[in-house]
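This report describes a single protein chain, shown below. It treats confidence, annotated spans, surface and covalent links in turn.

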Amino acid sequence: MSGTEGGAFGAGKAGTPFDPLAFIKKPQVILRIASTVWAMVVFGCISAEGWYDGHCQMRDDPNACNYGVGIGVLAFLICIGFLVVDGLFENISSVQYRKYAVIADMCISALWTFLWFVGFCYLTDAWNHSSDDSPYRAPHGHGRDHVQSAIAFSFFSIATWGGLTFFAVRRYREGSQETFTQGYETEQNASSPYSSFPGSDTGDPYQQPPFSGQKEAPDFQPPTY
């Protein structure tokens, strides 16, 4: 199928006018916006107060700070990109392209769910193993709230990206079933290339009525002598 008439993969017919209100109400869009905000909080907090005197406050482990900032920035960019895709999705006329978009969403969302889980565990462990009297911690608890906020929103991101994975998987399954059903019905309703036998009353256009045009043979008469 090269185009969509009734819609596929969780979207309506191609060419439908864009409705901002309906777009905002979509579950995947709500989760995408939340994931964008959470990502900004994570990398913003770590960038602002996660470092003190050139050292990461989480056990003086620069990898912990860099990991949080890295996945946060990438998550932010990915969310922005998929928000654009979500907005243009119904104008994609090709079912195949819609399928590619849903598969990409499904795979990336699952990957980032895992990365946020790793990040949450990593940041939590690094922060718990850094003592308050460490020379790499800011005095008077400066930056504590920022680091703890980054850890908390890393946990929230696991939930939102997990939700995005769920909705992407559901859209993929529904789209595959719709595509199969539409293709099957089109094949079943296709007109036959064979013409029916003229005058046939059997209802089967492919079979000729048996012995329909033959005359009955006359009864045999024995000869008289």
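## Confidence of the model

Residues 1-7 have a pLDDT under 50, and the model gives this stretch 21 contacts beyond four places in sequence. Where pLDDT is low, the coordinates of a prediction should not be read in detail.

The structure is a predicted model. Its chain has an average pLDDT of 79, and 70% of the residues reach at least 70. Confidence is highest in helix α2 (residues 27-49), at a mean of 96, and lowest in helix α5 (residues 144-188), at 82.

## Annotated transmembrane regions

An unreviewed UniProt entry lists residues 29-52, 67-89, 101-127 and 147-169 under "transmembrane region". In the model, residues 29-52 are 88% helix and 8% strand, with 37 Å between the end C-alpha atoms. The span 101-127 is 100% helix and 0% strand, and its end C-alpha atoms are 38 Å apart.

## Disulfide

The structure contains one disulfide. A bond of this kind is a covalent link between the sulfur atoms of two cysteines. Here Cys56 is joined to Cys65, with an S to S distance of 2.0 Å. The link between Cys56 and Cys65 is right-handed, with 80° about the S-S bond.

Technical notes:
Residues numbered from 1 in each chain as written. Predicted model: local features only at pLDDT ≥ 70, side-chain atom pairs only at ≥ 80, totals over all residues. Heavy atoms only, no water. UniProt positions renumbered as here; feature names shortened; annotations may be inferred. Helix = DSSP H or I, 4+ residues; strand = E, 2+ residues; numbered from the N terminus. pLDDT = per-residue confidence, 0-100. Contact = heavy atoms within 4.5 Å. Disulfide = S-S within 2.5 Å.
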